[in-house]
Amino acid sequence: MDTVTPRRAGLVLALLGLAQLITSIDYNIVYVALPEIGADLGFSTQNLQWVVSAYAVAFGGFLLLGGRAADLVGRRRVFVAGLALYAASSLVGGLAGHPGLLIAARAAQGLGGALLFPATLSLVVTSFDEGRERNRAFSVWAAAGAGGMVLGSLLGGVLTQAFGWEAVFFVNVPLAGVAIALAYTLLPADGARVTGRGFDLPGAVTATVGVTLVVFTLVQGPVLGWTSPLLLACAAGGIVLLVAFVAIEARTASPLMPLRLFRNRNLSTGVSVTLLFMATFGTLLYFLTVHFQQVLGYSALQTGLAYVVPMGAGAVGSMLGGRLATRFGNRATLVTSLAVGVVSTVALGFGIGAGGSYLALLPAMVVLNVAQGVIFTTMFAAATTGTALFDQGIASGIVSTGQQVGSAVGLAALVAVANAGTAGLTGTQLHDATVSGLRTAVLVAAAGMVVTILVALNFRREPARAEEPALAST
């Protein structure tokens with residue numbers, strides 16, 4: 001294991017937290033700037049959503065490749081490469097004067113995130129010993145993600161209003177630059193490449209293109225319509241390529257994603273849990289934003305400010321998650337926090353239906369975000385426990401892919417639920433139908449959380465630590 005000395009552990013953890021902060025900020029900082037981007041660059045109504053979708057499709061499609069690259073090329077190398085791509089594409093995005101160039105820059109940002117996220121996650125696992133140290137590291141890593149969400153909500157409105165939409169891209173450049181400089185100082189250099197572990201090019205091509213087509217289908221379904229010929233062709237092509245990918249992985253000597261990994265019950269359960277978590281908990285931000293802006297009439301900046309207290313509670317939950325996991329174990333902590341999440345989500349749903357004022361919703365939002373923080377910390381810790389260190393990159397990529405697919409699937413399904421009764425309505429009827437639809441979607445999400453609890457019970461209580469086999473290196 002690449003464990004660090006206690007003296008440097010705090011600095012390494014701060015660096016990994018900064019990397020998580022960078023990717024989290026970009027999750028929603030662009031949303032607030034979308035109207036100004038569309039007006040300034042001449043986007044059509046249909047094409048504007050690609051400023052968001054290009055990032056999501058590239059990020060989800062390249063996660064497996066990014067995770068395996070961290071194992072084969074080296075975690076620090078891929079970590080730095082992801083940051084460098086993030087900085088360069090953010091600079092291009094801020095300077096873009098044409099819709100096509102901005103969309104390309106957003107896709108490059110997504111690719112940078114696909115390299116950075118699994119490299120960061122595997123560095124958390126491999127830099128800290130299993131148990132108290134690793135649980136604490138996951139807490140800080142998850143809290144940085146929650147902090148990034150808060151900053152993204154605030155910075156998106158503040159920067160756009162003060163300096164224009166370009167600032168939401170430029171802000172990433174100095175952050176990534178600092179992280180790159182610290183990486184060479186704090187992270188141990190990657191060792192020589194291990195012999196006997198080739199690169200699975202057929203698997204890489206089929207997995208990357210297949211997942212990209214599936215994510216494209218899920219992201220574009222609500223926009224193009226689920227019966228669109230283009231969408232159906234992409235869905236069919238993605239499924240065929242993923243079936244081919246599994247067949248290739250079962251036969252090749254050096255697979256991109258070794259199927260033996262799924263014999264680890266924690267990893268296979270973790271993929272399902274992260275998928276379900278993002279399909280339920282991960283969609284609530286969207287419905288709350290719709291409620292604040294379309295029902296309560298909040299501006300973009302007011303909406304960002306409305307999230308400060310709840311997301312601050314999420315950061316507290318993330319820090320609390322590591323301590324709870326150390327004391328009670330990952331499974332018990334995860335299942336309990338999921339149950340708390342179900343109760344608070346039900347309360348949130350009925351709060352929307354009962355009038356939906358901000359103060360009426362705030363208690364449920366705070367409790368929900370504390371639970372989410374605990375869940376985010378423990379589900380990744382549980383999913384990666386028991387996987388050998390030399391497979392941590394691809395394991396992180398697998399779990400992260402489940403996270404991205406879950407977000408796309410859940411949002412598409414629940415948006416359909418929320419909008420089912422609003423077609424053709426105006427005025428008071430539209431207002432009432434929107435509130436009713438939002439409430440129904442949130443309660444359906446709560447039902448999905450109950451399913452997540454049942455799946456999470458499959459995590460091992462006390463998983464055995466994986467052994468690192470002896471491999472010759474060059």
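**Salt bridges and a helix pair**

Modeller: Asp 391 forms a salt bridge with Arg 260, the closest N and O atoms being 2.9 Å apart. This is a predicted model, in which local features need pLDDT of at least 70, side-chain atom pairs count only at pLDDT 80 or more, and totals for chains, interfaces and linings use all residues. Residues are numbered from 1 along each chain as its sequence is written, and side-chain values use heavy atoms, without hydrogens and water.

Biologist: What makes Asp 391 and Arg 260 a salt bridge?

Modeller: The term requires a side-chain nitrogen of Lys or Arg within 4 Å of a carboxyl oxygen of Asp or Glu. The closest N and O atoms of Asp 391 and Arg 260 are 2.9 Å apart, so the pair qualifies.

Biologist: Which residues are linked with Arg 260 and Asp 391 in a network of salt bridges?

Modeller: Arg 68 and Asp 71 are linked with them. Asp 71 is at 12% relative accessibility and so counts as buried; Arg 68, at 6%, is also buried.

Biologist: How do you know whether helix 12 and helix 19 are roughly parallel or antiparallel?

Modeller: Their axes cross at roughly 165°. Angles under 35 degrees count as roughly parallel, over 145 as roughly antiparallel, 65 to 115 as roughly perpendicular and the rest as oblique. Helix 12 and helix 19 are therefore roughly antiparallel.

Technical notes
Axes are lines fitted to C-alpha atoms, for helices over the stretch in contact, and angles run from 0 to 180 degrees between N-to-C directions. Helices (H or I, at least four residues) and strands (E, at least two) are DSSP runs, numbered from the N terminus. Buried means under 20% relative accessible area, exposed over 50%, partly exposed in between (1.4 Å probe, protein chains only).
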